[in-house]
Amino acid sequence: MDKAATMRQPKLIKKSSLVSNPTTMRMAAEINRIVPRLTTIRRQLHKHPELSGAELATTAYLARQLAAAKIPYKLGAGKRGIITNIAP
């Protein structure tokens with residue numbers, strides 16, 4: 001069995017474990033929507049590391065992922081870093 005097959009996959013958030021708060025439920029739905037992509041994103045970032053303060057390719061990659069997931073964001077100073085809210 002290869003290493004990728006044995007790695008733990010991210011778990012979805014079960015509705016039964018949440019308080020029935022509309023904001024919490026909405027956040028859980030958004031998290032569950034992107035969970036399948038998280039392993040791919042993590043592997044991509046670790047495959048192409050960048051020096052601290054020079055994360056231009058990392059920022060561009062994460063911006064593309066956020067745009068594809070329809071998650072609003074802003075670029076940090078010097079187009080390095082991502083700024084986004086996890087809750088409205």
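Me: Which residues of α2 meet which residues of α3?
Reply: Contact here means heavy atoms within 4.5 Å. In this predicted model, R37, T40, I41, Q44 and L45 in α2 meet T58, Y61, L62, Q65 and A68 in α3. Local features need pLDDT of at least 70, side-chain atom pairs count only at pLDDT 80 or more, and totals for chains, interfaces and linings use all residues. Residues are numbered from 1 along each chain as its sequence is written, and side-chain values use heavy atoms, leaving out hydrogens and water.

Me: How are the axes of α2 and α3 arranged?
Reply: Axes are lines fitted to C-alpha atoms, for helices over the stretch in contact, with angles from 0 to 180 degrees between N-to-C directions. Those of α2 and α3 come within 11 Å and cross at roughly 165 degrees. That makes the pair roughly antiparallel (angles over 145 degrees).

Me: And the second largest pocket: what is its volume?
Reply: Rolling a probe the size of a water molecule over the atoms shows where empty space is left. A pocket is an open set of points on a 1 Å grid over the protein atoms alone, where a 1.4 Å probe fits, with protein on both sides within 12 Å along at least five of seven lines. Here the volume, the space filled by probe spheres set on the points, is about 210 Å³.

Me: Which helix gives the largest share of the lining?
Reply: Lining residues have an atom within 4 Å of a point. α2 supplies five residues, the largest share. The lining includes R37, I41, L62 and Q65, which also take part in the α2 and α3 contact.

Definitions and conventions. Helices (H or I, at least four residues) and strands (E, at least two) are DSSP runs, numbered from the N terminus. Angles under 35 degrees count as roughly parallel, over 145 as roughly antiparallel, 65 to 115 as roughly perpendicular and the rest as oblique.
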